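Biologist: Before I use any of the labels on this model, I would like to hear what stands behind them. Please take them one at a time.

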Amino acid sequence: MFRTLILFALVIISMRIMGKRQIGELQPYELVVLIMISALAAIPMEDIAIPLFNSIIPIILLMVFQVLTSYAAQRSEKVRTLVCGRPSIIIQNGKIVESELRNMHLNINDLLEQLRICGYHNINDVEFAIFETNGELSVIPKSQCRPLQPRDLQIETKYEGLPHPLIVDGNVNHENLAKIKLDLLWLQNELKKRGIEDVKEVLFASLDTEGQLYVQRKEQKMR
Amino acid sequence: MRTVWLTAAFFLVILAGSIIMFAYTNALYHQLQESLQRIHRAVEEDDWDAASRESEELQKIWARTDASWTPIMDHRHVDQLDESLTRVVQLIKLRRKADLLVEVAVAKRLAKRIKDTEVPSIRNVF
């Protein structure tokens, strides 16, 4: 049990140090590191004859190499190309680039499937399609097929910032309250106006940039 | 940038730790081999009192070696060596010369195998 706990903590710390990318956004080398760390952590959990150090040191080393490779890739275009590869333009000016399709070991059906996942059911609507280095497909539609933007109609829009969560599961977020220069008294008054006496009754409350307070009460417990 | 420095520091600590551990493992291995060699010589000369005194020294060396090898070496290999050294100590008490000489040779080979797995060589890398 202690071995499992130690390895669990180590893997969590390593993942936190390595960054916050999701599985689908990983670069190939990051995916390799992730798979290797999983295997290294799993084996000594079940085999107590293997010293824990045999896993701890490779996990730390993989984390070190991953961080240093990421740093080098950030600083150097050459390193970035070497470890991450280059994006591949699969559709250029509305035409499928067959050579790139072959290089990527993709067939037309795979491409159509990816386009459908991206919301483009007709290849004729696509101006550019690019396979990014993390395996995601980016699609740039033809100008006549892209969604209408307010600026197309020359409509002025207001600034939309992030709403600030003020109460989460009955707990007041004092940091956010201070950030928007309000206090607990104001919050309690606002809740009273909505017939709520105690913040503990609130499941979630947030304030948007327009000054609108969203409040949702907790469900009453069944007795 | 802080993370990069932190991970670089981790790397240097691991590197320095590995070099120190390797040197310490080597030193313990040599102590163990020399002790086994002294037992071998004493038994060949039928000097059982000297062999008995050396077996006490061997147990002290092994206690230190076991404590430092077990956390970093394959436990199965360390256990095999532990069993072999236990047999060496018992065979000295029983004064069984032929069996003892065989067991000393086995213990020497087991200790060498453990030490060899730590050597940074091409054979070990692959």
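Modeller: Start with D169(A), which counts as partly exposed because its relative accessibility is 46%. Buried means under 20% relative accessible area, exposed over 50%, and partly exposed in between (1.4 Å probe, protein chains only). D169(A) also has a positive phi of about 55 degrees although it is not a glycine.

Biologist: What kind of model is this, and how are residues and chains labelled?

Modeller: This is a predicted model, in which local features need pLDDT of at least 70 and side-chain atom pairs count only at pLDDT 80 or more, while totals for chains, interfaces and linings use all residues. Residues are numbered from 1 along each chain as its sequence is written, chains are lettered from A and ligands numbered from 1 in the order in which they are written, and side-chain values use heavy atoms, with hydrogens and water left out.

Biologist: Why is Q154(A) called exposed?

Modeller: Q154(A) has a relative accessible area of 73%, so the label is exposed. Its phi is near 55 degrees, a positive value in a residue other than glycine. Q154(A) sits in the loop between strand 4 (137-141) and strand 5 (164-168) of chain A. Helices (H or I, at least four residues) and strands (E, at least two) are DSSP runs, numbered from the N terminus.

Biologist: What makes T65(B) buried?

Modeller: T65(B) has 0% relative accessibility, and therefore counts as buried. T65(B) belongs to helix 2 (residues 48-69) of chain B. Leaving out residues up to four places away in sequence, T65(B) touches L28(B) and L32(B), where contact means heavy atoms within 4.5 Å.

Biologist: Why is the pair E77(A) and R80(A) called a salt bridge?

Modeller: A salt bridge is a side-chain nitrogen of Lys or Arg within 4 Å of a carboxyl oxygen of Asp or Glu, so the term applies here: the closest N and O atoms of E77(A) and R80(A) are 2.9 Å apart. Both residues lie in helix 4 of chain A, 3 residues apart, about one turn of the helix. E77(A) is exposed at 51% relative accessible area, whereas R80(A) is partly exposed at 33%.

Biologist: What salt bridge count is there between chain A and chain B, and which residues does D47(A) link with in a network?

Modeller: The count between the chains is 1 salt bridge. D47(A) pairs with R76(B), the closest N and O atoms being 3.7 Å apart. D47(A), D74(B) and R76(B) are linked in a network of salt bridges.
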